[in-house]
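Subject: Structure handover

Hello,

Here is the structure for you to look through. Please open it beside this email. My notes follow below.

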Amino acid sequence: GIKCAGIDARLNEIGEAIQEVMESYEVELDGKTFQVKCIRNLNGHSIEPYKIHAGKTVPIIKGGEAIKMEEGEFYAIETFGSTGKGLVHDDVDCSHYMKNFDIGHVPIRINRAKGLLNTINRNHGTLAFCKRWLERAGETKYLLALKHLCDLGIVNDYPPLATRRAASRPRWSTPSSSAPRAKRSYHVARITRSRDRKPGSRDTTPGSRDLDS
């Protein structure tokens, strides 16, 4: 995917290239061999300042819209693999949240929720956070207030992702069957134009990393 990124690159073609490479691999788990499958309902996305999901979607399977990358954009090229059916669903015990970037003024009648929102705005703005960070900021007994903010659409919850129990979603570099949690290879691409670069080439941040979500 990262090789295909560049000015005027079509997002659907990037997804097709990612799927071709990912599904050419197999992993061995507990003496059994499984083909790696792309997780169809996960994808990468464009990034803007203080807006992690900025609107454009980078698929990791064939299909999708033939939207072009444009100069000056930033993208998270995220690849998710599975040994299962290639689908995930929300799991229980959510711990990660993020304020809705596009939300306007929403009346809040519960004072405890107003106070929690002030803490979120002061410490995190529209960037992601977890419960532990709220506690470090001094928040206690905040769960009902947090649920109220989510119910109003002011804060979005991001629960862990799970696949079927027998499947594993391995990290590309170190396949593991220890836990059916979402693991992904994560790269950031900056789309630039330079006289020293060929059309369609890309400038990327130095290096990439594997993240557990």
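A polar contact is a pair of N or O atoms within 3.5 Å, where one must be able to donate a hydrogen and the other to accept it. Keep in mind that this is a predicted model.

Start with E78. E78 sits in strand β6. The side chains of E78 and H45 are joined by a polar contact of 2.9 Å. Is E78 buried or exposed? E78 is buried, because its relative accessible area is 5% and buried means under 20%.

Next, the nonpolar cores. The largest one has 17 residues. I14 and M69 have the most contacts inside it. Both α1 (11-22) and β6 (74-82) supply at least two residues each. The most comes from α1, which gives four residues. A second, separate core holds 15 residues, including I108, F129, I154 and V155. In soluble globular proteins, nonpolar side chains tend to be buried together.

Now helix α2. Helix α2 covers residues 111-123, 13 residues in total. At 1.5 Å a residue, α2 should span 18 Å. Its end C-alpha atoms are 19 Å apart, which agrees.

Which residues of α2 are buried? They are A113, L116, L117, T119 and I120. Seen down the axis of α2, the buried residues fall within an arc of 155 degrees, so they line one face of the helix. On the other side of α2, N111 and R122 are exposed. The cover over the buried residues of α2 includes β8 (96-99), α3 (131-136) and α4 (143-151). Just after α2, G125 has a positive phi of about 60 degrees.

Best wishes

Conventions:
Residues numbered from 1 in each chain as written. Predicted model: local features only at pLDDT ≥ 70, side-chain atom pairs only at ≥ 80, totals over all residues. Heavy atoms only, no water. Core = buried A, V, L, I, M, F, W, Y, C linked by side-chain atoms within 4.5 Å. Buried < 20%, exposed > 50% of the residue type's maximum accessible area, 1.4 Å probe, protein only. Expected span 1.5 Å × (residues − 1). Arc of directions from axis to C-beta. Contact = heavy atoms within 4.5 Å.
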